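Colleague: I have a model open and some terms to sort out. Take me through them, please.
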Amino acid sequence: MITAERKPLEELIEYVRPYDRILLVGCNECVTVCAAGGRKEVGLLASALKMAFAKEGKTIDIKELTLERQCDPEYIEELVPHIEDVDAVMSMACGCGVQEIAKRFKNIPVFPAVNTKFMGASEQQGIWAERCQGCGDCLLGLTGGICPIARCSKHLMNGPCGGSTNGKCEISPDVDCVWQLIWDRLKALGMEDRYEEIIPAKDWRTAGGGGPRKIIREDLAE
Ligand code: SF4
Ligand code: SF4
């Protein structure tokens with residue numbers, strides 16, 4: 001999933017300060033799972049903003065709405081009847097959702113309420129960890145299903161580096177050296193020979209180095 005974290009309240013207050021009527025929009029997908037921008041967080045943020053402005057003697061009208069997905073134009077259309085009587089929109093979705101709203105509604109300011117972080121997985125309750133950077137040419141088949149791009153601090157294609165100590169990364173004793181994890185897994189699978197193969201330097205054009213990326217599926221495109 002895409003992970004995100006809510007921005008500090010102070011920053012959000014400044015975004016909406018010039019306006020009296022706000023539409024606060026959550027998303028039912030990734031940001032709900034990582035507890036950053038689902039229906040519950042929409043309610044909490046709306047209350048926090050109202051209270052903050054009430055302390056300043058200002059009343060702010062905040063409409064709350066949570067879409068099934070904000071990264072899909074089909075769902076963005078559900079905002080149409082709600083947009084007319086607000087001055088600005090604040091989105092609690094990832095950056096994709098914010099941009100979809102901005103693209104659809106050209107005459108109204110749209111602000112992000114969360115910081116989009118990374119593609120990751122739940123490690124335990126309340127902890128999410130980065131797992132993929134969407135490099136566009138997945139090499140998990142060579143690395144025992146463990147990603148060195150997202151999980152090695154130096155994004156090394158072949159490792160470990162000289163900083164790996166007792167299975168930990170040189171950046172912190174709390175961080176596993178991913179190349180140690182890769183070696184342990186390949187060994188457990190009896191695939192040590194894979195480790196001996198040098199992975200060539202990565203062509204970063206597949207990771208967006210050549211400009212914004214698109215996936216075009218001719219069989220699905222209309
Ligand atoms: S190799 Fe690329 S696509 Fe595969 S998990 Fe890592 S960053 Fe993601
Ligand atoms: S210690 Fe391991 S994880 Fe850390 S930078 Fe070196 S190879 Fe990458």
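Modeller: A nonpolar core is a set of buried Ala, Val, Leu, Ile, Met, Phe, Trp, Tyr and Cys residues joined through C-beta atoms within 7 Å. Buried means that 20 or more other C-beta atoms lie within 10 Å of the residue's own, with C-beta atoms placed from the backbone. This is a predicted model: local features need pLDDT of at least 70, side-chain atom pairs count only at pLDDT 80 or more, and totals for chains, interfaces and linings use all residues. Residues are numbered from 1 along each chain as its sequence is written, and ligands from 1 in the order in which they are written.

Colleague: Which residues touch the most other members of the largest nonpolar core?

Modeller: Among them are Leu24, Val25 and Met92, in a core of 31 residues. Strand 2 (residues 21-27) gives this core its largest share, five residues. Strands are DSSP runs of E, at least two residues; helices are runs of H or I, at least four; both are numbered from the N terminus.

Colleague: What makes helix 1 roughly perpendicular to helix 3?

Modeller: Helix 1 (residues 9-16) and helix 3 (residues 39-55) pack at about 70°, axes 11 Å apart. Axes are lines fitted to C-alpha atoms over the stretch in contact, and angles run from 0 to 180 degrees between N-to-C directions. Roughly perpendicular covers 65 to 115 degrees, so helix 1 is roughly perpendicular to helix 3.

Colleague: Which residues of helix 1 meet helix 3?

Modeller: Leu9, Leu12, Ile13 and Val16 meet Ala48, Leu49 and Ala52 of helix 3. Contact means C-beta atoms, placed from the backbone, within 7 Å.

Notes:
Angles under 35 degrees count as roughly parallel, over 145 as roughly antiparallel, 65 to 115 as roughly perpendicular and the rest as oblique. Two residues are in contact if their C-beta atoms, placed from the backbone, lie within 7 Å. A residue is buried if 20 or more other C-beta atoms lie within 10 Å of its own, exposed if 12 or fewer, and partly exposed in between; C-beta atoms are placed from the backbone.
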